[in-house]
Amino acid sequence: MPQPITSLEGEVYYPPQEVIAQAHVPDWDGLQAEADADYLGFWEARARELEWQAPWRMVMDDSRAPFYKWFLGARTNIVHNALDRHVATWRRNKLALIWEGEPGDQRSLSYHALHREVGQFAQVLKSMGAERGDRITIYMGRIPEIIVAMLACAKIGAVHSVVYGGFSVEALHGRIEDSQSKLLITADGGWLNGKIVRLKDIADEALRRCASVEHVIVVRRTGHEVRMEPGRDFWYDDLLQLPLSRPGNDRPQTEILDAEEPLYILYTSGTTGKPKAIVHTHAGYQVGTYATLKYVFDLREEDRWWCAADPGWVTGHSYIVYGPLLNGATSFMYEGAPTYPYPDRWWRMIEKYGITILYTAPTAIRGLMRFGDAWPARHDLSSLRLLGTVGEPINPEAWKWYHRAIGKGRCPIMDTWWQTETGMFMITPVPSAPLKPGSATKPFFGQQAEVVGEDGQVVPDGEEGNLVLKRPWPAMLRTIYGDDDRYVEQYWSKYPGRYLTGDSAKRDRDGYFWIIGRVDDVIKVSGYRLGTAEIESALVSHASVAEAAVIGLPDELKGHAIHAFCILRAGYSPSIQLQEELKAHVAHEIGPIARPAEIQFTDALPKTRSGKIMRRVLKARALGMSEGDTSTLEE
Ligand code: WT7
């Protein structure tokens with residue numbers, strides 16, 4: 001039984017009794033203590049809830065730390081647990097996915113239908129020469145085919161590399177080139193705000209810059225005229241019509257793999273240089289995403305789960321695609337903008353489809369909050385029983401609005417802290433936990449987190465420091481694709497034996513963690529993770545810019561907004577027109593999300609004697625704050 005908690009400080013929201021009574025984990029503290037005492041046992045028990053083609057010899061192997069391995073010796077494929085195992089049961093006829101397009105069109109797929117289409121498309125990929133271990137780039141909007149494409153890759157043991165459909169030419173090109181993909185799966189376009197995002201045109205332009213791609217598969221979504229290169233480009237629906245039923249080909253088999261074989265790579269922005277590809281594997285990732293979703297969102301057979309992220313980000317990988325399917329759940333996915341055609345689109349769909357759990361980001365909550373209470377009030381949101389947030393710290397004001405106007409005070413909010421690298425929720429409550437608005441609460445079962453100073457010592461509660469994780473976990477990244485050294489250097493060298501998150505945080509006296517934000521040169525804009533280096537490199541790729549420096553400044557809606565400082569080349573002079581041109585240039589190269597809010601022309605940038613730009617100084621100046629220690633600043 002849950003113990004009454006009396007010691008919590010600050011503003012605390014206790015879970016309603018009926019939530020505790022029905023939760024998978026009614027006793028948060030109890031399971032924490034249990035998992036802490038037998039960490040590997042906890043994870044082994046979770047793994048036993050899935051099916052395996054051969055058992056593991058070892059739950060976790062740390063003999064080559066920090067290259068940890070999980071469920072060593074096991075044979076599996078995540079698609080077996082996400083699809084194949086369900087179609088052998090009554091879930092065959094359960095809905096796996098309910099989808100609504102922005103124009104209002106709908107599609108739903110049962111586990112049977114999804115399994116079938118994935119099998120067919122896997123056959124297509126094989127017939128085009130895709131093999132186990134090959135990287136395949138997927139560049140699409142939020143349509144069911146992106147899920148089919150990801151699962152089809154996994155089914156044949158190929159490694160998917162999804163590039164968010166909001167990215168543009170150079171971002172796509174860089175990711176295709178780094179991964180050396182031979183196949184690109186895309187769509188003619190996608191719907192956003194009543195307009196077509198011209199995905200195929202962007203893909204064509206990216207492909208002109210690189211040579212590795214041999215074939216492009218194009219899903220017909222918007223139906224507008226696109227250029228198809230003969231011999232290279234094929235329509236998805238044409239390929240699915242092909243008779244691929246040569247002997248042995250009619251029943252596509254799920255490739256059974258070793259536990260540690262790669263499932264996907266996903267690019268994310270780091271401290272320096274180009275985005276790096278995070279590697280996730282089949283066995284540990286399936287156990288981690290399955291168990292975290294089940295416990296944190298208390299997933300039940302009858303739920304209608306809506307993770308409103310994009311499949312192009314890790315949130316979508318783990319909690320639109322894999323986690324829900326591993327749990328045999330019914331997911332909802334929506335293609336377009338939350339405010340199209342009116343700001344009640346989300347609330348309308350929650351009512352229409354009877355959504356029971358909504359998981360989104362603070363920036364979306366703040367964006368919808370702006371339109372006031374009248375929009376959600378117009379709809380019956382009584383189907384909701386839980387809410388969730390992810391991506392950046394949620395300000396208490398937005399938390400309270402979400403809790404009151406959407407959850408009607410009944411629905412606990414799961415504030416889940418995690419990263420592309422972690423693959424799964426790491427610091428998070430469960431529904432039976434007492435909540436404090438703005439805190440992601442405590443580490444997931446068995447995990448231990450610390451806030452440490454530069455010297456590696458744990459700082460006193462209430463003080464800010466670097467957030468580290470102490471125990472390896474099943475869905476952890478295995479390396480950076482093609483760069484083991486950088487993996488060790490970036491995550492494991494500052495505090496050996498502990499994983500460096502790149503975030504600063506505080507811990508309070510109740511052991512609750514409060515995330516402050518990134519300590520490195522990563523900027524979170526509307527929850528999207530962008531590197532200053534990427535944006536600077538896009539700026540200097542414009543003929544007029546000699547040098548650029550980018551910082552993130554606080555923004556009420558987006559969390560942070562991008563501010564760029566540019567030194568112009570000789571022959572160019574500052575103008576409003578050039579500012580606009582540079583903003584458009586960044587949007588064209590990286591994507592609309594990276595568009596700077598402000599461009600400032602300057603003659604010099606603050607640098608260290610070794611030539612590193614001191615973004616900290618730029619930030620302090622922009623905010624009118626003290627510049628701190630500038631002793632290393634070049635004259
Ligand atoms: C960074 C990771 C993992 C899903 C989306 C983000 C920030 C994430 C929270 C939260 C405060 C959060 C951190 C983290 N972040 N969730 N609940 N509270 N900050 O994945 O793009 O890899 O970004 O997002 O700064 O390091 P990502």
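1. Start with a pairing between strands. H563 has E598 of β29 as its bridge partner. Strand β28 spans residues 559-568, runs parallel to β29 and is joined to it by four bridges. Two strands pair if DSSP finds at least two bridges between them. Helices (H or I, at least four residues) and strands (E, at least two) are DSSP runs, numbered from the N terminus.

2. A word on the model. It is predicted: local features need pLDDT of at least 70, side-chain atom pairs count only at pLDDT 80 or more, and totals for chains, interfaces and linings use all residues. Residues are numbered from 1 along each chain as its sequence is written, and side-chain values use heavy atoms, with hydrogens and water left out.

3. Look at both faces of β29 (residues 598-601). I599 and F601 form the covered face. E598 and Q600 form the uncovered one.

4. Next, the ligand. There are 17 residues around it, and D415, T416, T420, D503 and R529 come nearest. A residue is near a molecule if one of its heavy atoms lies within 4 Å of it. The shell holds six nonpolar, five polar and six charged residues. Here Ala, Val, Leu, Ile, Met, Phe, Trp, Tyr, Cys and Pro count as nonpolar, Asp, Glu, Lys and Arg as charged, and the others, Gly among them, as polar.

5. Which atoms pair with the ligand? A polar side-chain atom of K524 is 2.9 Å from a ligand oxygen atom. A nitrogen atom of the ligand lies 3.4 Å from a polar backbone atom of E392. For a polar backbone atom of P393, the distance to a ligand nitrogen atom is 3.5 Å. On its own, the ligand has 560 Å² of accessible area, and the protein covers 96% of this. Accessible areas come from the Shrake-Rupley method with a 1.4 Å probe; for residues, only the protein chains shown count as cover. Two elements give two or more residues to the shell: α11 (314-326) and β24 (513-518).

6. H379 sits in the loop between α14 (374-377) and β19 (386-389). Is H379 buried or exposed? H379 counts as buried because its relative accessibility is 11%; buried means under 20% relative accessible area, exposed over 50%, partly exposed in between (1.4 Å probe, protein chains only). Its side chain makes a polar contact of 2.9 Å with the side chain of E351. A polar contact is a pair of N or O atoms within 3.5 Å; within protein, one must be able to donate a hydrogen and the other to accept it, and residues adjacent in sequence count only if both atoms are side-chain atoms.

7. H403 belongs to helix α15 (residues 396-406). H403 is buried, at 12% relative accessible area. Apart from neighbours within four places in sequence, H403 is in contact (heavy atoms within 4.5 Å) with Y13, K408, G409, C411 and I413.

8. K408 lies in the loop between α15 and β20 (413-415). K408 is not a glycine, yet has a positive phi of about 50°. At 40% relative accessibility, K408 is partly exposed. F71, in strand β2, is also not a glycine and has a positive phi of about 55°. F71 is buried, at 0%.

9. Check two peptide bonds. A65 and P66 are joined by a cis bond, with omega about 5°. Y340 and P341 are joined by a cis bond too, with omega about -5°. Most residues other than glycine have a negative phi, and most peptide bonds are trans.
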